[in-house]
Structure formats: structure tokens, C-alpha cells
Amino acid sequence: MSLFEIIAILLCLSALFSYINARFIGLPNSIAVMAFSLAFSLILLGLKPLGVTGLADWAEQLVGGADLGPTLLNGLLSFLLFAGALHVNLDELADQKWLVALLATVGVVLTTFLVGGAMWYVLQWLGSPLPFIYCLLFGALVAPTDPVAVMAILKSLNAPASLSTKIAGESLFNDGVAVVMFIAILGIAQGRHEASFENIGMLFLHEAVGGLVLGFLLGLLGYHLLKNLDNYQVEVLITVALVAGGYALASRLHTSGPLAVVVAGLMIGNHGRAFAMSKKTEEQLDTFWEMVDEVLNAVLFLLIGLELMIITFELPSLWAGIIAVPLVLLVRFVSAGIPVVALQPFRDFRPNPIKALTWGGLKGGISVALALSLPMSEERDLILPMTYVVVVFSILVQGLTVKRVLRTRG
């Protein structure tokens with residue numbers, strides 16, 4: 001199956017499921033597309049024992065060709081993050097900067113170690129022990145609140161601006177921290193990195209701080225290019241080049257591409273919007289990136305659902321995933337609660353921000369993509385289905401009920 005055929009099929013399925021949802025159901029589109037693709041996968045898997053294997057084989061070939069891990073981490077993610085950052089108000093984000101910073105750093109580290117430590121005991125109890133370092137790796141996988149999932153859900157809700165900024169701001173930044181944690185722990189597991197604070201600290205400085213600096217320089221470059229002309233077609237093209245070229249450059253420099261495009265998006269969406277764009281350019285830019293966001297979100301959530309075709313579920317990994325769901329939520333409650341409580345004396349939080357941050361902290365494609373990027377091994381065969389169960393619950397259950405929770409202002 002050629003690359004063009006894979007893209008064509010994914011777009012057709014995304015459009016079909018989106019149409020059915022818009023015409024008859026009315027759920028948030030990303031959640032509906034994933035639910036339909038999960039149902040589609042289950043039907044195909046159910047037909048296999050009946051001897052009807054042609055469609056299932058075709059779907060497996062499609063998912064294998066799409067290769068969600070590299071596709072998301074090296075392609076879709078840059079455009080989705082930029083599209084999300086473009087509409088985040090920098091003044092509101094600055095007002096929440098300490099909470100966002102603590103959630104995106106301390107929260108990720110706490111989640112990694114609390115989930116990893118607890119799952120080590122759970123897996124021992126289930127009779128499928130996993131080395132402690134790989135349990136920490138699973139903790140790093142499920143630590144970030146996925147910006148793609150979060151931004152897609154927040155767009156469809158009328159959440160309070162302050163709460164939306166907390167959740168969206170954290171989700172845009174914490175994936176970069178989580179990826180650094182993932183790289184560090186995987187390197188230790190494979191014997192490539194020494195397990196020392198010095199090495200992990202240097203890796204963090206190179207990846208995270210380097211990504212932030214690169215993003216600032218990209219945003220500055222984009223701002224000056226946009227300011228010097230008034231041609232919306234060329235200006236839109238400049239933003240596309242900024243995202244694709246910037247993400248590729250970050251990968252080449254071994255700095256955090258996600259953090260780089262987020263910072264660039266914040267600068268273009270705020271400083272660039274205020275001082276470097278005409279009204280017409282602003283409208284065209286917003287329309288273009290909203291469409292990119294909508295299309296790529298639909299394709300991504302379709303792929304997450306179709307991944308069910310190629311993931312092998314053994315009973316221990318299924319039970320481990322089911323147990324991990326409430327455990328991850330409990331740890332999220334703790335890791336979100338500590339920064340809120342720590343900042344309580346210095347600022348006034350509206351009621352129940354911890355509950356809203358806990359239930360609104362969705363897991364998504366980044367967790368699945370990182371799990372898929374693991375080298376083939378017995379550890380991967382256990383971690384991947386566990387991660388998938390957590391992500392599916394998060395998107396379908398939390399995503400469909402988060403509106404009620406977000407009505408409580410925080």
C-alpha cells in the first residue's frame with residue numbers, strides 16, 4: 001500500500017465517521033471518530049474467528065503503514081501543537097505561569113515515580129513482574145496530559161477561561177518534559193545513560209531549555225518576516241514552514257521539538273497577531289490553522305482507535321491496564337493537588353481546581369506513540385497494552401464526562 005493510498009483511506013474514514021457524528025450523534029468530533037474506529041476495529045477482529053480475514057488483514061496493513069509512533073512524534077505533533085498554541089492568550093498564561101510550570105515539571109516527575117512504583121507492586125502481584133526501571137518508563141508514558149486530546153476537548157466546551165488556560169497551558173508544555181523523562185529512563189534501561197542526577201540534568205537542559213530557546217528564536221524570526229509584508233498567502237506559508245522546518249531543526253539539534261513549536265506558536269499567536277498582521281491576514285491564518293487542527297485531530301484519533309488491530313492483549317497486561325486506570329487518576333489527583341496547595345497562600349483559587357485538573361488531564365496519542373516507539377521486547381509487549389487501556393479510558397470516559405466537571409470553576 002503506497003503512502004498516498006494510506007493517506008487517502010485515513011482521510012476518507014475520518015470524513016465518514018465525522019459525517020455520521022455531525023449528522024446523527026453530536027459528540028465532540030475527536031472522541032466520536034475514535035469511538036467509531038474502535039468499534040470498526042472490534043468488528044474486524046470479531047470477524048477473524050469466522051474466517052473473514054481479508055478486511056482485518058487490510059486494516060492491519062493500513063495501521064502498520066501509517067505507523068502512529070513516528071507519524072505523530074515526527075510529523076502530526078508539530079502542526080497540532082502550533083495550532084493549539086496559536087490561540088492561547090499569553091497574558092492569561094503568564095497569570096497562571098507558576099501553576100503551569102509546577103504541573104508541567106514537578107507533576108510529571110511525581111507521576112513518573114508514583115505510578116512506576118505502584119505498578120511495580122501490581123505487576124508482581126499479577127505474576128508478570130517488570131523490571132523497576134521499565135515500570136518508571138510506564139510512569140513517564142502516562143505522565144503527560146496530552147495537548148492534542150486536551151485542546152480538542154476544550155474547544156468544544158465553554159470552560160472558564162482561567163481553567164482552560166491552566167489545563168491547556170500545562171498540556172502544551174508537559175509533553176516536552178515527559179519526553180525528556182522518557183528518553184532518560186529508556187537510556188538508563190538500555191545501558192546508554194548513567195543513572196545520575198548530573199546526566200539527567202544535562203539531558204534536560206539540552207532538550208528542554210534548548211527547545212525553549214530555539215522556539216523563541218523561531219518565533220522572533222517568524223514575527224519579523226510577517227511584519228515586513230502584507231500578503232496573507234505568503235504569511236500563512238511562512239507559518240507552515242516555521243513549524244515544519246523548526247521541528248526538523250530541533251530534531252537535528254537534539255532539542256525538544258514540541259517545546260520549540262509551542263513557544264513559536266505563542267509568540268506568533270500573541271505578539272505577531274497584535275503587531276505584525278493585518279485583520280485579513282489574521283482571519284485567514286486562523287481559518288487555515290483551525291482547519292489543519294480539525295483534519296489532523298480526526299486522523300490522529302482515527303489512528304488511535306485502529307491501533308487496536310495490532311496490539312496483542314494478554315490477560316495479565318489487560319488486568320494491569322485496568323488497575324492502572326484508577327491508579328493513574330489517583331496519582332494525577334496528588335500531583336495536581338500538591339502545586340495547587342503550595343500556591344494557595346499566594347493566590348486565590350476558585351473552588352475545586354484539583355478535581356477539574358484531575359479529570360480534565362486527559363491522556364492521548366503521545367502516550368501511545370511513545371509506547372509504540374519502544375524497541376520490540378517482552379517489556380514493550382506488556383507496557384503497550386497497559387498504556388492503550390489507560391488512553392482509551394481517558395479519552396472516551398473522561399472526555400465524554402469532563403464537561404460536567406469543568407462546570408465547577410477552578
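In the predicted model, Phe79, Phe82, Phe288 and Trp289 are linked into a cluster by ring pairs, a pair being counted when the centres of the rings of Phe, Tyr or Trp (its six-membered ring) lie within 6.5 Å. The structure holds 9 aromatic pairs. Phe79 and Trp289 form one that is stacked, with 6.1 Å from centre to centre and 25 degrees between the planes; planes under 30 degrees apart count as stacked, those over 60 as edge-to-face and the rest as tilted. Because Phe79 belongs to helix 4 (residues 68–85) and Trp289 to helix 13 (residues 279–306), this pair ties together parts that are 210 residues apart in sequence. Phe79 is partly exposed, at 21% relative accessibility, whereas Trp289 is buried, with a relative accessible area of 1%; buried means under 20% relative accessible area, exposed over 50% and partly exposed in between, with a 1.4 Å probe and protein chains only.

The model is a predicted one, in which local features need pLDDT of at least 70 and side-chain atom pairs count only at pLDDT 80 or more, while totals for chains, interfaces and linings use all residues. Residues are numbered from 1 along each chain as its sequence is written, and side-chain values use heavy atoms, with hydrogens and water left out.

The secondary structure of the chain comes to 17 helices and 0 strands, taken as DSSP runs numbered from the N terminus (helices H or I, at least four residues; strands E, at least two). The radius of gyration, taken over C-alpha atoms, is 21 Å, close to the 22 Å that the globule rule gives for 410 residues, so the chain is as compact as a globular protein of that length; the rule is 2.2 Å times the number of residues to the power 0.38. Along its principal axes the C-alpha trace spans about 60 × 50 × 45 Å, and buried residues make up 54% of the 410 residues. Of the contacts (heavy atoms within 4.5 Å) between residues at least 6 apart in sequence, 83% join residues at least 24 apart.

A buried position is found at Ser37, which lies in helix 2 (residues 29–47) and has 0% relative accessibility. Residues up to four places away in sequence not being counted, Ser37 touches Phe17, Phe301, Leu302, Gly305 and Leu306.
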